[in-house]
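Please open the model in your viewer and keep the sequence panel beside it. This tour goes from one selection to the next and says what is found at each stop.

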Amino acid sequence: MNTLELAGFDALVLAGGRGTRLGGDGKAEIELHGKRLVDRVVTAARKTGARRVVVVGPESTGTKADAVIREDPPFAGPLAGIAAGLAELAASGNGEWTMVLACDLQRPVAVASALIGGFGQRADDGLLLVDAEGHAQWLAGIYRTSALGSVCAELGENLVNAPVRRALNQLQLARVPVDDETSSDIDTPQALESARQNRRKAMAQHLPPEALNDWLEAAAKELGLDSSEVDIATVLDVAKHVAHEVARPAAPLSTFLLGLAMGSCKGDLSGLSEQLVSRAHRWADEHPEGTA
């Protein structure tokens, strides 16, 4: 357990932006993988050990947080959001460290985990992530709470829409490098669609057999077949053995032949599957040089 976990930390999730490049809708409430962006970030902060999570944004964005507060005036920029969040945390006693996260992180758990993992190499005022091109991710950091408060206090009336880089760059911060996949955010329609496509690809590659039931029902109905005649696990087992013992492209070919054999009343699924798996094993013995 590292020192941050022992001491505990609070988290601020900044969700007050207009989302102009996403069509003007508040980006915090856009859904990705069935969850709002802001809720995904709140969950990531909690998973990595945050004691309290404050969302800075419209009231509707804070449903999963311990508190929600609005920067004054609204849309006054990240530093105004940080100042408002720190004031809310101070009401119940600020901790020594505060994690600051943007609400539009594509992989919030990876970001928060990278910060926790790198905490041991922090500088006096904390640490932040740096992407593959060396760009500092100011809204992906763990900061000494008192240092953040001092920066905001020094700006005073100039806090509204103040440049984050110029204000926070004066702090003593360690830089933790991460790849672009970890540091990516969702600030354009293209980035949002890319994130959704990546999820679909990942799901397609890692679907458990039981997750295919809905597709089996839909496909069988489309083809006028009885889905109850198909045991997904058995078919996948045939495909697995054929792919391993013969060749990967032979797997879909073999399952197609299995279907043709059943349709021609050559046997039941269980018996025909055993035949194919047995033949695949013999094929491997007969072709020791391999074809996969």
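This is a predicted model: local features need pLDDT of at least 70, side-chain atom pairs count only at pLDDT 80 or more; totals for chains, interfaces and linings use all residues.

Begin by selecting Gln-121, which counts as partly exposed because its relative accessibility is 48%; here buried means under 20% relative accessible area, exposed means over 50%, and partly exposed is in between, with a 1.4 Å probe and protein chains only. Gln-121 sits in the loop between H4 and E7, where the helices (H or I, at least four residues) and strands (E, at least two) are DSSP runs numbered from the N terminus. If you set aside its neighbours within four places in sequence, Gln-121 is in contact with Ala-174, Arg-175 and Val-176, a contact being heavy atoms within 4.5 Å.

Residues are numbered from 1 along each chain as its sequence is written, and side-chain values use heavy atoms, with hydrogens and water left out.

**The whole protein**

Show the whole protein as a cartoon, and you can look for twelve helices and nine strands. Of its 292 residues, 42% count as buried. Among contacts between residues at least 6 apart in sequence, 67% join residues at least 24 apart.

**The sheet**

Next select the seven strands that form an open sheet in the order E5-E4-E1-E6-E8-E7-E9, with mixed pairing; two strands pair if DSSP finds at least two bridges between them. E5 and strand E9 (174-177) stand at the edges with a single partner strand each, so one side of each is left without a neighbour in the sheet. From one strand to the next the twist averages 25 degrees; axes are lines fitted to C-alpha atoms, for helices over the stretch in contact, and angles run from 0 to 180 degrees between N-to-C directions.

Which strand should you pick out within this sheet? Strand E1 (residues 9-14) runs parallel to E4 and is joined to it by six bridges, and Leu-12 has Val-54 of E4 as its bridge partner. E4 is also joined to strand E5 (residues 67-69) by three bridges, again in parallel, with Val-55 standing opposite Val-68 in E5.

Move on to E6 (97-102). Six of the six residues of E6 are buried, so the strand is largely enclosed by the rest of the structure. In a regular strand the side chains alternate between the two faces of the sheet. Colour Trp-97, Met-99 and Leu-101, which point one way from E6, and then Thr-98, Val-100 and Ala-102, which point the other way. E1 and E6 run parallel and are joined by five bridges, whereas E6 and E8 run antiparallel, also over five bridges. Trp-97 has Arg-144 as its bridge partner in E8.

Select strand E7 (residues 126-130) together with strand E8 (residues 136-144), and you will find an antiparallel pairing over five bridges, in which Leu-128 is partnered by Gly-141 of E8. Helix H5 (residues 145-155) lies across E6 and E8, running at about 115 degrees to E8.

**Helix H12**

Finally, select helix H12 (residues 269-286), whose 18 residues should span 26 Å at 1.5 Å a residue, which agrees with the 25 Å between its end C-alpha atoms; the expected span is 1.5 Å times one less than the number of residues. The buried residues of H12 are Leu-269, Leu-272, Ser-273, Val-277, Ala-280 and Ala-284. Seen down the axis of H12, these buried residues fall within an arc of 135 degrees, so they line one face of the helix; the arc is that of the directions from the helix axis to the C-beta atoms. They pack against helix H10 (232-245) and helix H11 (250-263), while the face turned away carries the exposed residues Glu-274, Gln-275 and Asp-285.

Which residues does Ser-273 contact, leaving aside its neighbours within four places in sequence? They are Thr-234, Val-238 and Leu-258. Ser-273 is buried, with a relative accessible area of 4%, and a polar atom of its side chain lies 2.6 Å from the backbone oxygen of Leu-269.

How values were computed
A polar contact is a pair of N or O atoms within 3.5 Å; within protein, one must be able to donate a hydrogen and the other to accept it, and residues adjacent in sequence count only if both atoms are side-chain atoms.
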